[in-house]
Amino acid sequence: MMKRSVTLMMLTAAALASAGCSRIKANQGYLIDETLFTSILPGTDNRESVSRTLGRPTFAAQFDNGSWYYVSRLTGQYAFVAPKTLGQQILIVSFDAEGNVSKVERRRMEKIARINPVDDKTPTLGKSEGFFETLFGNVGAVGAAGGPLGGQPDGRDGPR
């Protein structure tokens, strides 16, 4: 009887420990409805009808207001590990000058850029100060620039 309860406790502990190693999946961004997306037709729809059908875009083109982007991403991660992208879709609705739909397209994982930032410090121009210099650098500097009037003859501080 004792051996059976110890075995049961060990199996329960192993099951709980392995549950922490399962992959957590998460959908981020726009949830794509295929029926709604395929109903957008170039030459037929405009900005207002696209907004009513698909909703607000994830983001819009910054310079020409010619495209709306709907981004959907599926990520997965194991416990204590950075999430990785498992799938991505970008729906792009392009508009002409009158605001009518000119093109509808879909892009997938081929547009993901892999970026490996460097953790080193970026060099800057200017004076390099230490901790104590930064902390006590202004001691005694109050009024050193010409007194309370800022050194200007008419009492103004700054250009005329």
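This is a predicted model: local features need pLDDT of at least 70, side-chain atom pairs count only at pLDDT 80 or more; totals for chains, interfaces and linings use all residues.
Residues are numbered from 1 along each chain as its sequence is written, and side-chain values use heavy atoms, with hydrogens and water left out.

Me: How many bridges join strand 3 to strand 4?
Reply: Strands are DSSP runs of E with at least two residues, numbered from the N terminus, and two strands pair if DSSP finds at least two bridges between them. Strand 4 covers residues 84-95 and runs antiparallel to strand 3, with T75 standing opposite T85 in strand 4. The number of bridges joining strand 3 to strand 4 is ten.

Me: Which residue in strand 3 stands opposite N27?
Reply: Strand 1 (residues 24-29) and strand 3 (residues 67-77) pair in the antiparallel sense, over six bridges. The residue of strand 3 that stands opposite N27 is L74.

Me: Which residue takes a positive phi in the hairpin of strand 2 and strand 3?
Reply: Strand 2 (residues 59-60) runs antiparallel to strand 3 and is joined to strand 3 by two bridges, and the bridge partner of F59 in strand 3 is Y69. The hairpin has six residues between the strands, and the residue with a positive phi, near 55°, is N65.

Me: Is R114 buried or exposed?
Reply: R114 lies in the loop between strand 5 (101-107) and helix 4 (131-136), where a helix is a DSSP run of H or I with at least four residues. Buried means under 20% relative accessible area, exposed over 50%, and partly exposed in between, with a 1.4 Å probe and protein chains only. Because its relative accessible area is 67%, R114 is exposed.
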